Amino acid sequence: MSAPRPTNAQLAEFRERIRAHIAEHAPPFEAREGHRAPETPEQEAALRTWFASLFAAGFVGADWPVEYGGRADHHPLHDRIVSEEILRARAPRPVDQVNLAAHVLLHFGSEEQKSRLLPKIRSSEHVWCQLLSEPDAGSDIAAVRCRGTRQDDGSWVLDGQKTWITDGHWADMGLALIRTDPTSSRHKGLSVFVVPLDSPGVEVRPIRTVNDAIEVNEVWLDGVRIPADNIIGEPGQGWSIIMTGLDFERFGIGGNVILLELLIDDLVTVARHGTIDGVPALEHADIRQTVAELAVEVEVAKAFIDDHVERMVAGDEQVGDGSIAKLSFAETYHRVSAYGAQLSTMVCTVTADPGVALAKQRLKECWLWSRAYTVSGGSSEMMRNILAKRRLLLPTS
Amino acid sequence: MGAEVEAALDDSVDIDVEIDVDIDLVRDAAREFLAGCGSRDSLKDLAAMDWTGLLVDESLGGSGWRPVETTVIAEELGRAGNVSQWLGSVTAAAALSAAPGAVRDRWLPGLLDGTVAAACALAADVTRVARPDAADLVVAFGDNGIRLYEGVASLPREPDDELLDVERPVWRVTLTGADGVDVGDQEQARRLLALARVLLSAESLGTVSATFERLVGYLKERIAFGAPIASFQAVQHRLVELLVFEAKARAVVMKAARALAAGDESAPAVATVAHAFVATHATAAVDECMQLSGGIGFTWEYPLHHELRRVFTNASLLGTARAARAQYADGAGW
């Protein structure tokens with residue numbers, strides 16, 4: 001964060017470099033929304049190699065301290081450009097949970113933990129998941145009930161159930177929020193642990209999602225013994241560690257705008273090449289109006305999110321801006337993709353080229369996946385609660 | 001997205017987006033000044049603030065080309081419910097500053113000191129004009145350029161019954177057969193109409209913002225079932241949706257203003273987006289405020305219906321949302 005803002009020419013040059021890196025190193029398959037996790041051992045190997053290449057070239061993990069592999073000239077706008085270009089190229093995006101785990105380790109981990117765990121993140125030998133949500137603690141994360149009991153030898157035994165664990169089925173390590181003081185409630189008495197997922201007593205059960213894909217899992221902890229040096233920070237410090245960690249995810253939203261632009265691209269492709277009554281759908285006034293209206297919504301969401309990122313960079317964030325950005329992205333994504341799925345059923349694409357079929361396929365998958373955006377990471381309703389309370393300062397009932 | 005729009009809007013992170021601190025000062029000063037004006041809506045007062053010359057070269061007595069500041073002023077005028085001919089005058093002054101010497105010298109000084117009032121309109125045989133009775137001039141933006149019409153009072157006109165504003169009523173004015181003079185070329189017309197639409201959108205945004213602020217204050221105070229109405233979640237989420245609209249509208253309106261200020265090639269496309277977005281949603285936003293205000297919002301004495309009338313009217317004054325969307329689609333190369 002200390003580096004000065006790069007010039008436009010420097011940013012353009014950086015953009016060219018990440019584009020070249022993607023062209024050379026991205027795996028030979030397209031990223032699919034709702035199918036982000038690898039589906040074969042070959043894909044998994046390719047993903048790990050790809051992620052490692054991004055770390056090695058300084059495109060990911062560039063914001064880390066230099067002694068752990070970061071770049072001294074890193075600027076937050078670089079992260080956004082990397083994110084934009086990876087998404088635009090439809091290359092697989094780095095796993096958010098790895099980023100969160102890395103930052104938690106960097107800020108709260110002991111020297112021993114950092115030297116033991118961080119290199120394996122950069123080499124992508126370790127993929128991380130976060131073990132936060134539980135069946136009764138979704139958006140209300142402070143309701144965590146998984147128990148951690150300290151043993152006489154200082155080690156810990158963890159019991160309970162976690163759910164909605166993104167990438168849990170192929171992750172190597174988990175960052176777990178556990179209640180270590182059984183007499184505590186809500187935000188107190190929570191601690192954060194490093195949980196190797198191959199520990200005895202860890203059972204991962206995939207949850208098949210609406211796209212007929214495995215992205216998320218239930219994780220059962222049954223008497224899982226964790227060595228004393230796998231607790232991060234102090235017992236009871238868990239809540240503030242996780243909240244600080246979630247703060248690091250904020251810049252991701254900026255790059256996500258590209259996903260909205262890709263949706264519009266696909267929508268236009270389908271409307272231009274698909275026909276209704278023998279005429280391209282886009283030449284029907286009602287369809288043309290709706291597609292344009294959605295494109296306008298995307299432009300406006302982008303305008304707000306761009307401003308938001310600029311204000312963050314300038315340290316001039318307004319309370320609740322992040323929630324408005326998240327709502328704008330998620331709701332627009334849902335709206336555009338829902339119309340895309342609907343439009344796909346209305347048009348005839350018999351004679352169109354295979355690119356059109358691909359666009360239809362993506363719109364359908366994006367729509368089915370869109371609830372991942374409006375529900376996870378703080379649901380739209382949670383965002384509205386936050387904005388009501390913090391931005392509009394409305395009274396509580 | 002089409003090639004033109006993509007080229008124009010792509011890689012926006014590379015464009016220097018200056019969120020100027022001075023803008024906040026302009027906004028605060030304008031708000032304070034307008035609050036002090038009370039219900040007195042004098043164009044001369046605004047001209048005395050140099051607000052009609054915000055788009056006129058300094059060598060001609062204006063402040064230079066300042067679309068960002070102008071857009072902030074427009075929002076504040078909307079917030080204050082101002083009914084003066086400022087929008088027409090500031091755009092007419094901009095058009096005249098590049099016009100042939102004779103016509104420029106005849107009208108520009110009066111526009112700058114507020115003794116001459118202008119309206120702006122779309123070029124057409126019969127066109128919508130706000131308060132033609134209070135305008136000396138009409139500047140009409142068309143595909144072929146900008147035309148200036150004098151002697152507006154003598155042009156045939158009839159009230160526009162579709163548009164609802166009663167404080168700044170709109171008339172249908174017949175331009176066919178009227179003597180007009182060309183004061184700007186196609187490119188000028190394109191640029192200034194884009195700006196006029198951004199200013200009109202900013203004005204609507206300011207109006208919505210005023211309605212919304214009053215509503216939130218009212219619902220925090222008003223008790224029902226033993227609790228402030230604003231404490232009910234069903235109401236809170238609806239208020240937040242209005243907040244989100246306001247924040248997004250301001251972001252896109254200011255983005256368009258910055259693009260116009262920079263002479264960026266994306267400016268017309270961004271202006272179209274701002275116009276389409278605000279014209280699509282502003283009326284529904286004030287309408288929603290009326291519902292959430294309960295019975296009081298439904299009365300003639302409460303200001304809300306004037307705000308509803310204003311944004312409803314603005315949404316058609318310089319083109320509709322429908323036309324803006326079509327224009328966007330054309331520009332995108334679809």
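What does the secondary structure of chain B come to? It comes to eleven helices and nine strands. The model shown in these views is predicted.

**View 1. Chain B as a whole.**
Chain B has 334 residues and a radius of gyration of 20 Å. Along its principal axes, the C-alpha trace of chain B spans about 70 × 45 × 35 Å. Buried residues make up 54% of chain B. Take the contacts in chain B with a separation of 6 or more: 69% of them are between residues 24 or more positions apart.

Where they touch, domain 1 of chain B supplies 34 residues and domain 2 of chain B supplies 32.

**View 2. The side of domain 1 that touches domain 2 in chain B.**
Both helices and strands of chain B give two or more residues to this side. The helices are helix 4 (67–80) and helix 5 (86–97). The strands are strand 1 (118–122), strand 2 (126–130), strand 3 (137–142) and strand 4 (145–149). Helix 4 of chain B gives the largest share, ten residues. By class, this side of domain 1 has 19 nonpolar, eight polar and seven charged residues.

**View 3. Chain B against chain A.**
Here 37 residues of chain B are in contact with 40 residues of chain A. On the chain B side, the elements that give two or more residues include helix 7 (186–221), helix 8 (233–262) and helix 9 (267–293). Strand 9 (227–228) and helix 11 (321–331) of chain B are also among them. Which element of chain B gives the most to this side? Helix 8 does, with eleven residues. By class, the side of chain B that touches chain A holds 25 nonpolar, five polar and seven charged residues.

**View 4. Chain A, the partner.**
Chain A contains eleven helices and ten strands. Its radius of gyration is 22 Å, close to the 21 Å that the globule rule gives for 397 residues, so chain A is as compact as a globular protein of that length. The C-alpha trace of chain A spans about 75 × 50 × 50 Å along its principal axes. Of the 397 residues in chain A, 44% are buried. Among chain A contacts between residues at least 6 apart in sequence, 73% join residues at least 24 apart.

Terms used:
Residues numbered from 1 in each chain as written. Chains lettered and ligands numbered in written order. Predicted model: local features only at pLDDT ≥ 70, side-chain atom pairs only at ≥ 80, totals over all residues. Contact = placed C-beta atoms within 7 Å. Helix = DSSP H or I, 4+ residues; strand = E, 2+ residues; numbered from the N terminus. Nonpolar A, V, L, I, M, F, W, Y, C, P; charged D, E, K, R; others polar. Rg over C-alpha atoms; globule rule 2.2 N^0.38 Å. Buried ≥ 20, exposed ≤ 12 C-beta atoms within 10 Å, placed from the backbone.
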